[in-house]
Amino acid sequence: MRITGVTASAHRLPLRRVWDGGVDRNDVVVVRVSTDEGLVGTGFSWTPLIGARAVEALVNDDLAPFLLGREAHPALWDEALWHLREADTTGLTLMALAGVDIALWDVHARSLGVPLVDLLGRRRERVASYGSGVNLDYDLPDLLEQVRGWVDRGHRAVKLKVGSAAVERDVERVGAVRDLLGPERLLMIDANQRWDVPQAARALARLEPFGPHFVEEPLPAQNLAAHVRLRARTGLPFALGENLRSVADFERFVDEGVCDVAQPNVVRVGGITPFLRIAESVARRGVPVAPHLLPELSGQLALCLPRVAMVEDIDHASFAALGALAAPSGVEFAGDHLSARTGPGHGLVFADDLAPLP
């Protein structure tokens with residue numbers, strides 16, 4: 001089965017409510033790979049703000065000519081990355097390659113007539129989930145309303161943002177959420193890289209009595225040495241990885257003892273192929289994966305991983321919630337878990353009327 005066409009188109013998905021820092025939309029680049037057998041695979045890239053047009057151009061101008069005539073199989077990943085090396089082998093390059101890689105896995109599964117989950121090897125029928133929101137800018141009543149919504153839907157774990165200018169605000173908010181959740185539900189906190197080492201140490205000392213299950217991205221994501229210094233000052237588990245890009249990146253952080261929960265983003269690492277390599281690598285080191293965002297695909301992958309923590313039910317920001325899909329994907333949150341029953345491929349069919357980038 002040979003590739004006969006590769007196209008990418010960038011679209012804008014307005015958010016229902018602005019995220020912290022003024023993020024008012026997610027951009028998605030839909031990639032389609034056509035074959036000489038008439039099958040078409042669908043992939044995507046994704047970014048909250050930066051780079052959608054660049055990703056679109058990398059696919060249409062650089063990856064498409066390279067891929068034409070080649071076997072439609074995700075084994076092309078390493079060769080395709082080498083082809084793009086002059087534009088670097090991380091960042092936007094990986095985001096563009098992700099769209100193609102996801103499409104190739106989709107068309108490969110379709111050619112075999114099986115769901116992606118079963119092609120990869122379904123290890124479990126469902127995986128634990130948690131409620132998550134980009135909510136540092138919410139006032140306390142709005143935050144508690146959001147958390148009540150997660151609890152009412154059956155979530156037994158939730159995550160909220162920390163990193164306020166005054167640590168007393170974080171203490172008040174985390175304490176109020178813990179009171180609402182009670183002692184039996186899991187509470188995670190996410191600083192989104194807002195602290196330096198002294199700030200993080202002081203804040204975590206104040207927040208530790210509320211029993212955080214983990215703290216996510218307490219420091220700038222690439223600063224390994226800073227994480228090592230912070231590890232010496234707190235016993236709270238660290239979750240990180242949404243801003244790491246390679247197997248080697250994850251291995252460095254895990255091997256230094258500062259990544260207790262790995263959170264790769266399937267687009268930012270370059271697609272399903274490297275995502276699975278990362279998951280296998282950290283599993284050998286005893287570290288579970290909690291995929292970052294994109295639950296319609298991340299959830300399917302979580303069902304196949306050797307060691308998984310939970311998947312993120314991001315408030316009103318899945319593709320379905322943003323109106324990006326033409327039909328239900330077959331991936332569903334119910335209570336405190338996610339399950340997936342798709343047709344052949346990954347089941348994501350993007351709507352034909354998605355708004356283009358302005």
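**Helix 7 against helix 8**

Reply: Helix 7 and helix 8 cross in the right-handed sense, meaning that the near helix is turned clockwise from the far one by less than a right angle. Their axes, helix 7 covering residues 197–207 and helix 8 covering residues 224–231, come within 10 Å and cross at roughly 35°. Axes here are lines fitted to C-alpha atoms, for helices over the stretch in contact, with angles running from 0 to 180 degrees between N-to-C directions. Helices (H or I, at least four residues) and strands (E, at least two) are DSSP runs, numbered from the N terminus.

Bear in mind that this is a predicted model: local features need pLDDT of at least 70, side-chain atom pairs count only at pLDDT 80 or more, and totals for chains, interfaces and linings use all residues. Residues are numbered from 1 along each chain as its sequence is written, and side-chain values use heavy atoms, leaving out hydrogens and water.

Back at the crossing, helix 7 brings V197, A200, A201 and L204 up to A226, R229 and L230 of helix 8; contact means heavy atoms within 4.5 Å. By class, that contact has six nonpolar residues, no polar ones and one charged. In this count Ala, Val, Leu, Ile, Met, Phe, Trp, Tyr, Cys and Pro are nonpolar, Asp, Glu, Lys and Arg are charged, and the others, Gly among them, are polar.

Now for the core. The largest nonpolar core has 118 residues, and F44, F319 and F350 touch the most other members. Such a core is a set of buried Ala, Val, Leu, Ile, Met, Phe, Trp, Tyr and Cys residues joined through side-chain atoms within 4.5 Å, where buried means under 20% relative accessible area (1.4 Å probe, protein chains only). Helix 3 (residues 92–112) gives the most to this core, with eleven residues. As for F350, its contacts beyond four places in sequence include V28, V30, F44, F319 and L325. A second, separate core has eight residues, among them Y130, A157, A239 and V261.

Three of them make an open antiparallel sheet in the order 1-2-3; two strands pair if DSSP finds at least two bridges between them. Strand 1 (3–19) and strand 3 (40–47) are the edges, each pairing on one side only, and the twist averages 20° from one strand to the next. Strand 1 meets strand 2 (residues 23–35) over twelve antiparallel bridges, with P14 partnered by R25.

Key: Buried means under 20% relative accessible area, exposed over 50%, partly exposed in between (1.4 Å probe, protein chains only).
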